Amino acid sequence: MIGAAWNLLLGVAWVVLTGDFSGRNLLAGLAFGYLVLALIQPQVPALAGYAQRLPRLILFVGFFFKELLLANLKVAFDVVTPPWYMKPGVIAMPLKARSEFEIALVANLISLTPGTLSLDVSDDRRVLYIHAMFLDDEAELRRNLAELERRALELFH
């Protein structure tokens, strides 16, 4: 969080010093600030791991959009074709996420994906109950959801 605040501060300083208050110039300032923080990261312990977050975020967004597109196509195909192939069911998925923020993020990412819906979290916050529209292969669904959770949690560690 400290790195993001410094990056924003450097981006705003760039805008003020150049005198160009456009969005494009702010993006340039943020990019230059990111590069500066990546260069000084080894000397400043508070910035540890900051430079690795942006590539992880970009990879996660690409992964999530791919999963989103595939899920949309699967649901759309099932809706358009006359014989429905869905086999709905509820599974209990063990969570690696521990904080309330991490659990909420994982649950919302799962609910955003068509064909799956987060229903509830156990009282001990170790299990997430998920309704799946296509429960043909439960093991594969668990692997896919675990991969989504792993990549989402990787953004913060």
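Predicted model: local features only at pLDDT ≥ 70, side-chain atom pairs only at ≥ 80, totals over all residues.
Residues are numbered from 1 along each chain as its sequence is written, and side-chain values use heavy atoms, with hydrogens and water left out.

Let me start with the rings. A search of the whole structure finds 6 aromatic pairs, where rings of Phe, Tyr and Trp (its six-membered ring) pair if their centres lie within 6.5 Å, and planes under 30 degrees apart count as stacked, over 60 as edge-to-face and the rest as tilted. Y34 and Y50 form a tilted pair, at 5.8 Å centre to centre with 55 degrees between the planes. This pair links distant parts of the chain, since Y34 sits in helix α2 (residues 23–40) and Y50 in helix α3 (residues 50–80), 16 residues apart; helices here are DSSP runs of H or I with at least four residues, strands are runs of E with at least two, and both are numbered from the N terminus. F77 and Y85 form a stacked pair, at 6.2 Å and 10 degrees, and ring pairs also link F60, F63 and F64 into a cluster.

F64 brings me to T113, which touches F64, E67, L68 and A71, not counting residues up to four places away in sequence, with contact meaning heavy atoms within 4.5 Å. T113 is placed in the loop between α4 (100–112) and β2 (116–121). T113 counts as buried because its relative accessible area is 12%, the cut-offs being under 20% for buried, over 50% for exposed and in between for partly exposed (1.4 Å probe, protein chains only).
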